[in-house]
Every structure is written in C-alpha cells, then in structure tokens.
Amino acid sequence: VGDDEIDVAACQHLKRFADVPAPHGLMPRALQRIFDDHVDRWFIVDEEDRGHAVWLTEVWREPCKLTPEKGKIQKPSLRYLPTPRMRLLVLNCHEGWIHQLDRLNEELHLVVDLPGRHVAGWDTRMRPLPRGARTLRLPEALAGEGGPWDLVICHNITDLLDTARIPAPKLLVIHETIEGRIAQQGAELSPAAMQERLRQYLALQGADAVAVTDLKGRSWGVPGTALRHSADVADYYPPTYERAAGLRVANHVVSKQVFLDWDFHIQSFHGLPVTLVGHNPELGVEAAENWEALKRLFAEHRFYVHTANPSYEDGFNMAMCEAMAAGLPVITNAHPGTPITDGVDGFVARSPDEARRAAERLLVDPALARTMGAAARATAIREFAPEGFERRFRAAMARAQKKYRRRARKADGG
C-alpha cells in the first residue's frame, strides 16, 4: 500500500464515517487518530471504545478522508481531536510475549519480580525492554504509582487476585491449557470445575479473558478469536544456513518433557547436531546472551525443531514463529494444530524415523533448506503478521474495557 492509497476493504470501512457531521470544524470522534511522535498509524475508532479499531496503513501525520476516486484518500482541512496514549499495567510473565505489546505504542508499566520468576527484574536476555516502558514492583502498582491505568493485563488467576483492588479494567491472557495445568501442578479440580472458577473470578472483577491460541481458548471455555503469536520478518537477519545443525529453543525441558513430547525429540535427533538454547540448568544449557544473539543463531542454523504433545500444547509456539520469520524450515511431529505443510515449509513427521530422515536431508542440502526456509518465511507473514496480533489485541482490550464499564454501571444502579 502506497503513502497515498488505502486498500479497498479499508476504504469500504471508512465510508461509514466519511459524511459524519463535524460540528464547529472539529474532526468527529469516530475519526480520531491514535498516534504518538514516532509512529504514524491510522485506526477507525468508535465513539465508546478507544482502540477497538481496524488497522489501515501507515500514512500522513494529518487526518485523511475519502475522495470519490475508489481507494484514494486525501488530507482534510478539519482539525482533529488528539487521543492520549493508553496507560497499561502489565504483569510480567514472559518477556518474549510481552515484547509484542511494544507495537501498540501505548504506555507500558511492567510489573517485575513476581513470585516464581528465576530472574530478577526484566530479563534482557529474552528481549530488550519495550520502548519507553517502565518497570515497577507489585506493591508499587497496588499503591497506585504511575496510575491510574486504562487496563491491567494479567496472565493467570493469581495475577487477577493480586490486582483485585486496582480500580481498572482487567484482561486475562491465557497461555496454557487446563489439561496442562492439571498435569504440571497436580490440581485436584476437574476441567469443568476450573472453567467455572475462572468464570467466577472474571465476573467478580468485571474482567475479560482472551487466549493466545484456539487450543487454549477451547480448553478454558473462553470464546472469541485467539490472539495468536506474532513475528515480524523485518526483525531478523537474512539466513545463511551455513551451520549444518538444527536448532531448538525451549526452557525447563526436564519439567516439561510430557508437554514437549521430548521422547519423540530424543528418538528423532539423538546423535545428530541439534543445538538446544534456553534456561535448562539441569542440562547445563543456558539461554542466548540476548535477543540479538538468538537472532544470529536463527540466521546460521539449517532448520528448526518443534515437537509438542497435542493433548497439552499447540503445534507451534513463539520460538517456532520466530524461526519461520527468520527463514528456517521446521521439522515437527504430526500435530493437528501445526501451520507446517509437509514438504513445503518443513517436514511433518509421523514417527521419529521420519523426523530423522528429514533432518539428515536438510543437514546435507543447504539449497533445500533455503527453498523450504523461504516458504516458511511466507507462512510466517501470512499466519503470524504483527498487524494481525495488534488488531486482535486492541479488540480484546476494548472488550475488557466495555465489560468493566457495564459492571460499574450495574454497581451504580444504572
């Protein structure tokens, strides 16, 4: 899309707003723009839900309107009403996932040093701190330092309980399946009972929930479109495939063997050169020094490995999305949720023997790795584009805010 054009679908969406009257020469609220000093991005925003928007394109810093010519926009003479940036309080769970929120260009207040974390503060080995973000601890957040907040982003029920007294909309992002939670923590509740408990916690706080994948959403009974992961191909170095070895990024392998289908991994690649990267002190394996170092590993390896037990985990994760965006073909076990097409952007193995033969082919054929890697990159662009994540996350934020307002009106007798 060029600087003077918007695609036809976006223009059709705009037509609903093109003739809205603008009293006193001001841009109507429906056409307010959300932007900051660094990024020019356009959204169509409804009157009530700032941020519940359709991504259009990167265009001028001044508001635009449709012209009679199909698909064109031009600068209007109207002034606009600036919309302030949202102030988001985000409890830290996974730096790689939270770093995606950098794209929102909102104020990020990141709560660090939560129980169960093996690194104090923000772990810069995983990702750099998002632009302009500040870190604080939970007691500071509960005291209101940096607030008030437009939204609190939680990642588990404990986060919801810990932030219960913060008077703000809350969005729970679900990262795991109920079955995985039960298997890992030995929970005594049934899946149905855990679903009901989640509904109760959400109702008590007027909070909403969204899952990172369809599998997680179905597991917890959370309706609606899943967020999915994102990876921007522009963030990664051009692949060289010079290192005849596979790569896998995984943390806590020993405690997650069942979820990662680690037996399949071992049987498939035992004795073959496959580099494991991640926090695995029991195996003497560490995470990459930083994100730049990880991106260099993606660039030089020949293929990426992903295995997962379909009963607990998806056929992809963030690291796999990154690998595909970096141009690596993927070898994976057969999984109903895999985005890989066998023989196109990787290999889908029904047995360890098939996975091993696929690895052996790629280890001796860098040209094949390059061809399949280009296809994997195209799949990443289609399936895991950052624009899609942003659109879905803004819609989820808007739903959480609307739900919180409805609860507040009911509490006030409205």
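These legends accompany a set of close-up views of one predicted model.

Before we start, two notes on the ground rules. Residue numbers start from 1 along each chain as its sequence is written, and side-chain values use heavy atoms, with hydrogens and water left out. Because the model is predicted, local features need pLDDT of at least 70 and side-chain atom pairs count only at pLDDT 80 or more, while totals for chains, interfaces and linings use all residues.

**View 1. Tyr-236 meets Trp-291 edge-to-face.** Eight aromatic pairs turn up in a search of the whole structure. Rings of Phe, Tyr and Trp (its six-membered ring) pair if their centres lie within 6.5 Å; planes under 30 degrees apart count as stacked, over 60 as edge-to-face and the rest as tilted. Here the ring centres of Tyr-236 and Trp-291 are 6.2 Å apart and the planes stand at 90°, so the pair is edge-to-face. The two residues are 55 apart and link distant parts of the chain: Tyr-236 belongs to the loop between helix H7 (214-220) and strand E11 (243-249), and Trp-291 to helix H9 (residues 291-300). Helices (H or I, at least four residues) and strands (E, at least two) are DSSP runs, numbered from the N terminus. Tyr-236 and Trp-291 are both buried, a word for under 20% relative accessible area, with exposed over 50% and partly exposed in between (1.4 Å probe, protein chains only). Together with Phe-298 and Tyr-304, they form one aromatic cluster.

**View 2. Lys-295 has its charged end over the ring of Trp-291.** The distance to the centre of that ring is 4.1 Å. For such a contact, NZ of Lys or CZ of Arg must be within 6 Å of the ring centre and within 35 degrees of the ring normal.

**View 3. Phe-389 and Phe-393 form a stacked pair.** What separates the two rings? They are 5.7 Å apart centre to centre, with 15° between the planes. The two residues are four apart in helix H13 (residues 386-411), so about one helical turn separates Phe-389 from Phe-393. Phe-389 is buried at a relative accessible area of 1%, and Phe-393 is buried at 0%.

**View 4. Strand E9 (residues 170-174) is mostly covered.** Five of its five residues are buried. Lys-170, Leu-172 and Ile-174 point one way, Leu-171 and Val-173 the other. Strands E8 (residues 151-154) and E9 run parallel and are joined by three bridges; two strands pair if DSSP finds at least two bridges between them. Val-152 has Lys-170 in E9 as its bridge partner. From E8 the chain passes through helix H4 (residues 157-162) to E9 in a right-handed β-α-β crossover; right-handed means that, with the strands pointing away from the viewer, the path from the first strand over the helix to the second runs clockwise. E9 also runs parallel to strand E10 (residues 208-211), with four bridges between them, and Ile-174 stands opposite Ala-211 in E10.

View 5. Asn-105 counts as buried at 12% relative accessibility. Asp-261 also is not a glycine and has a positive phi of about 50°.
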